[in-house]
Amino acid sequence: MEVLKLDSEDLTNSYSEDKFDRAVLKKMNGDQMPDQVLSKKIDKFLPLFHNDGDKLLYDGKLCVPKNSTSTVMQLAYDAKTSGHFEYLKMLSRLKNYHRKHKSQDVKQYAKGCMVCQQKKDYLGKKLTYPTSLEVPERQ
Ligand SMILES: [Zn+2]
């Protein structure tokens, strides 16, 4: 399974529009945070964030800002090279990306696909050949 590679330009542009990512970047710069609750929340995770050029990384994974989530999902799922794989495969394609509630989002995205709902066969238990039942003895 090929891991998705993204042009990070799209992502970095929207960090400033993502409340959490923007706050993380502020904290990394040592800027004052007016929102103390958010500030404390970020403190817990701050050691795992890194700035690589204009990319924001969390635990070595590229952070996906809120505005770019659907773009990333589309690339991992709808694109010609992606092929509407089920959610675990989609998740593995996105293993280099970080987004809060990622697996939940991915699951929901794959589940909500109209193309799959109309075209894919039922993926439940496969039918097998019928087997005969034992004939009961007469009493
Ligand atoms: Zn689909």
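This report describes the sheet, a neighbouring helix residue and the nonpolar core of a predicted model.

## Sheet architecture

Four strands make up an open sheet with mixed pairing, and their order is S1-S2-S3-S4. Strand S1 (49–52) and strand S4 (97–98) form the edges, each of them pairing on one side only.

As a general point on such elements, side chains in a regular strand alternate between the two faces of the sheet.

## Hairpins and strand pairing

S1 and S2 run antiparallel and are joined by four bridges. Within this pair, Phe49 lies opposite Tyr58 of S2. The two strands form a hairpin with two residues between them, and in its turn Gly53 has a positive phi of about 65 degrees.

Strand S2 (residues 55–58) is also joined to strand S3 (residues 61–63), here by two bridges and again in an antiparallel arrangement.

## Phe45 and its surroundings

Helix H3 spans residues 36–45 and contains Phe45. Is this residue buried, exposed or partly exposed? Phe45 counts as partly exposed because it has 13 C-beta neighbours inside 10 Å, whereas the exposed class ends at 12 or fewer and the buried class begins at 20 or more.

## Nonpolar core

The largest nonpolar core comprises 16 residues. Val64, Val72, Ala76, Met90 and Leu94 have the most contacts inside this core. At least two core residues each are supplied by S3, helix H4 (69–77) and helix H6 (102–111). H4 provides the largest share, four residues.

Nonpolar side chains tend to be buried together in soluble globular proteins.

Definitions and conventions:
Residues are numbered from 1 along each chain as its sequence is written. This is a predicted model: local features need pLDDT of at least 70, side-chain atom pairs count only at pLDDT 80 or more; totals for chains, interfaces and linings use all residues. Two strands pair if DSSP finds at least two bridges between them. A nonpolar core is a set of buried Ala, Val, Leu, Ile, Met, Phe, Trp, Tyr and Cys residues joined through C-beta atoms within 7 Å.
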